[in-house]
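Colleague: Please walk me through the second chain closely, and then through the side of its partner that faces it. I have the coordinates open and would like to follow along.

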Amino acid sequence: MERIPILRMGEFLLVTIQVDLHDQLALTLQDDLTSRIEKTGARGVLIDISALEIIDSFVGRMIADISAMSRILDARTVLVGMQPAVAITLVELGLSLEGVRTALDVERGMRILRTTLDDGAVDERR
Amino acid sequence: MSVVDSGTLPLRGEQDIVLARQAVRRMSQEIKFGIVDQTKFVTAASELARNTVVYGRGGEMRWERLREGAREGLRLCFADQGPGIPDMTLAMTDGWTSGKGLGLGLAGAKRLVNEFSIDTAVDQGTRVTVTRWR
């Protein structure tokens, strides 16, 4: 079965979506990601969507759900690299992705994750 | 207004939604829509194709490349023989959904196109037509 790879980078997971997401693939990613968070104890998830040419309401909901699920599993999600045309379309479609943290690129996304971790974990050495 | 070219794509399953999206993208590029217009139109097509597959129990997308004077456009017609929409006002309301979606499909798609029309009858099917001009 076709899958989107999830890379581990220390305490973060990195997902780069480079294919046209069909519905089943999006749902598989949701399952894979939540089980990887649980297995690895990852504290942050970075989803790079710079190659994604459209986000419709289905994929938008999938992203919002992943963000909510990972939060419950004690990991933060940052969505990075959204193309401007996609952002414009999403808002007109009526999807504001509330509760989803975004950043312009991977580097800034990483910074957000690190800062969030530093603030949240007072003395939680692993 | 004249139809320059036209064709039909089946919408039976999930994979067909992706194929329809790619076809609309390709044609939008050929007509030279700007990148924002392309993205809007492809997104609208994705929403409507999913409606046809999920709620209409499958159908087809007919496309027409249009010319009117100097301007070019693309018209898409999503047709199914599904259950139809009993309450149009409700179906066009943001946030209302009969299924598991977000309820943004129809109302959202309407905002992403230049022309939008819908023709539906209970137990006979639904036909949604959208057009975008360059």
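Modeller: A helix, as the word is used below, is a DSSP run of H or I with at least four residues, a strand is a run of E with at least two, and both are numbered from the N terminus. Please keep in mind that this is a predicted model.

On that definition, chain B has four helices and five strands. Their order along the sequence is β-α-α-β-β-α-α-β-β. The C-alpha trace of chain B spans about 40 × 25 × 25 Å along its principal axes. A compact globule of 134 residues would have a radius of gyration near 14 Å, and chain B, at 14 Å, agrees with that. Of the 134 residues in chain B, 39% are buried.

The five strands of chain B make an open sheet in the order 1-2-3-5-4, with antiparallel pairing. Strand 1 and strand 4 (115-121) of chain B are the edge strands, each pairing on one side only. From one strand to the next, the twist averages 15°. Strand 2 (residues 59-68) and strand 3 (residues 71-80) of chain B run antiparallel and are joined by ten bridges. Within this pair, Trp63(B) stands opposite Leu76(B) of strand 3. The hairpin that these two strands form has two residues between the strands, and Gly69(B) takes a positive phi near 65° there. Strand 3 of chain B is also joined to strand 5 of chain B, again antiparallel, by eight bridges. Here Cys77(B) has Thr129(B) of strand 5 as its bridge partner.

Two helices of chain B pack against this sheet. Helix 1 (residues 14-30) of chain B touches strand 1, strand 2 and strand 3, and its direction makes about 160° with that of strand 1 of chain B. Helix 2 (residues 35-54) of chain B lies across strand 1, strand 2, strand 3 and strand 5 (125-133), running at about 15° to strand 3 of chain B.

The start of the chain is worth a look. Met1(B) sits in the segment before strand 1 (2-11) of chain B. With 10 other C-beta atoms within 10 Å, Met1(B) is exposed, because the cut-off for an exposed residue is 12 or fewer. Beyond its neighbours within four places in sequence, Met1(B) is in contact with Leu66(B) and Glu68(B). Glu68(B) is 67 residues away from Met1(B) in sequence, yet the two are 4.4 Å apart in space, C-alpha to C-alpha.

Now the partner. The contact between the chains takes 23 residues from chain B and 18 residues from chain A. On the chain A side, helix 1 (23-40), helix 2 (57-72) and helix 3 (84-93) each supply at least two residues. Helix 3 of chain A gives the most, with six residues. By type, the chain A residues that touch chain B are seven nonpolar, five polar and six charged.

Helix 3 of chain A has four buried residues: Val86(A), Thr89(A), Leu90(A) and Leu93(A). They lie on the same side of helix 3 of chain A, because they cover an arc of only 105° around the axis. Their cover includes helix 2 of chain A, and also helix 2 and helix 4 (105-111) of chain B. Pro84(A) and Val91(A), on the other side of helix 3 of chain A, are exposed. Just after this helix, Gly94(A) takes a positive phi of about 105°.

Strand 1 and strand 2 (residues 12-16) of chain A pair in the antiparallel sense over four bridges, with Ile6(A) opposite Val15(A).

Conventions: Residues are numbered from 1 along each chain as its sequence is written. Chains are lettered from A and ligands numbered from 1 in the order in which they are written. This is a predicted model: local features need pLDDT of at least 70, side-chain atom pairs count only at pLDDT 80 or more; totals for chains, interfaces and linings use all residues. Two residues are in contact if their C-beta atoms, placed from the backbone, lie within 7 Å. Ala, Val, Leu, Ile, Met, Phe, Trp, Tyr, Cys and Pro count as nonpolar, Asp, Glu, Lys and Arg as charged, and the others, Gly among them, as polar. A residue is buried if 20 or more other C-beta atoms lie within 10 Å of its own, exposed if 12 or fewer, and partly exposed in between; C-beta atoms are placed from the backbone. The radius of gyration is taken over C-alpha atoms; the globule rule is 2.2 Å times the number of residues to the power 0.38. Two strands pair if DSSP finds at least two bridges between them. Axes are lines fitted to C-alpha atoms, for helices over the stretch in contact, and angles run from 0 to 180 degrees between N-to-C directions. The arc is that of the directions from the helix axis to the C-beta atoms.
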